[in-house]
Amino acid sequence: MLQESTIKQLALRVANAQDNACSIEKLTIAYPDMTVTDSYRVQDALRELWIGRGERIIGMKAGLTSKAKMEQMGVHEPSFGILSNRMAVPENGAANMAKLVHPRVEAEIAFVLGRDLRGRHCSIDEIINATDYVIPALEIIDSRYEKFKFDLISVIADNSSSSLYVTGGRPLDPKSGMDLQTIGVVIEKNGEIQALGASAAVLGHPARAVQMLLEHLDDRGDYLAAGSLVLTGGITEAIPVHVGDVVSARFQDMGSVSVRFTD
Ligand code: OOG
Ligand code: MG
């Protein structure tokens with residue numbers, strides 16, 4: 001277990017790379033004994049830093065929750081991260097490439113909770129009953145590690161590559177009989193199809209990502225408050241983007257959500 005002073009130092013190193021869009025070497029190179037627990041402590045320190053500069057916490061993300069994502073990154077366990085209001089981009093808004101290292105876009109189903117959820121034993125039904133609505137989302141991930149290569153411990157310390165996110169399309173009430181496992185999604189870049197999939201790609205059911213997140217939070221004495229936004233993880237592999245690209249994802253019965261990359 002790393003000392004608290006080291007954790008704070010690592011959070012500053014990661015925050016600096018995030019703020020200045022520069023890449024750093026994997027933290028596990030300098031700290032080979034670092035653990036997953038240490039990495040989540042780095043996230044705690046990042047959250048403190050962000051709150052200290054006036055940001056608001058909006059919710060959390062789960063990542064590496066689909067086979068396509070796990071294979072693409074070579075990391076086979078889900079990781080979680082914190083979302084702040086600084087990361088929100090309006091629907092069809094612009095993401096400035098100058099502030100990003102080597103971004104990629106993911107299509108995800110986002111949950112917005114109507115009431116608090118906590119504990120290790122929430123069923124999928126309980127999660128759905130506590131959900132106000134689900135909504136299409138794009139997550140723009142951007143690893144601060146060179147060549148977008150990392151291990152589980154390093155990526156968690158980089159807040160699971162979170163960078164920006166967009167929600168859009170049509171919010172739906174999951175309590176009104178929709179089938180959350182069979183939502184088809186098509187991702188287009190500049191009008192050309194890049195990837196397609198269905199929501200069951202995320203752990204069999206995207207609410208399972210919320211369930212795993214709750215287990216993770218419970219282990220740390222934390223929970224999801226009413227109003228939290230939860231990104232459940234990319235359904236397909238992530239799509240690399242460059243200046244001028246427009247990415248949109250069309251979700252079955254839920255409309256589409258898009259983002260533009262500008263210089
Ligand atoms: C880690 C974050 C993955 C997702 O939705 O799977 C993620 C990464 O691939 O950089 O956000
Ligand atoms: Mg993601």
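Trainee: How do you know how the residues of the lining of the largest cavity divide?

Mentor: They divide into six nonpolar, four polar and four charged, because Ala, Val, Leu, Ile, Met, Phe, Trp, Tyr, Cys and Pro count as nonpolar, Asp, Glu, Lys and Arg as charged, and the others, Gly among them, as polar. This is a predicted model, in which local features need pLDDT of at least 70, side-chain atom pairs count only at pLDDT 80 or more, and totals for chains, interfaces and linings use all residues. Residues are numbered from 1 along each chain as its sequence is written, chains are lettered from A and ligands numbered from 1 in written order, and side-chain values use heavy atoms, without hydrogens and water.

Trainee: What makes this space a cavity, and how much space lies in the largest cavity?

Mentor: A cavity is a set of points, on a 1 Å grid over the protein atoms alone, where a 1.4 Å probe fits but cannot get out; lining residues have an atom within 4 Å of a point. About 80 Å³ of space lies in the largest cavity, counted as the space filled by probe spheres set on the points. Among its 14 lining residues, Lys61, Leu64, Lys69, Ser160 and Ser161 are the closest to its centre.

Trainee: Where does ligand 1 sit?

Mentor: Ligand 1 sits in the largest cavity, so more than half of its atoms lie within 2 Å of the cavity's grid points. Strands S1 (57–63), S4 (104–113) and S5 (131–141) and helix H4 (67–73) each give two or more residues to the ligand's shell. S1 provides the largest share, three residues.

Trainee: Which element gives the most to the lining of the second largest cavity?

Mentor: About 50 Å³ of space lies in that cavity, and its lining includes Tyr40, Arg47, His216 and Asp222. Helices H3 (36–52) and H7 (206–219) each give two or more residues, and H3 gives the most, with four.

Notes: On a 1 Å grid over the protein atoms alone, a cavity is a set of points where a 1.4 Å probe fits but cannot get out, and a pocket is an open set with protein on both sides within 12 Å along at least five of seven lines; lining residues have an atom within 4 Å of a point.
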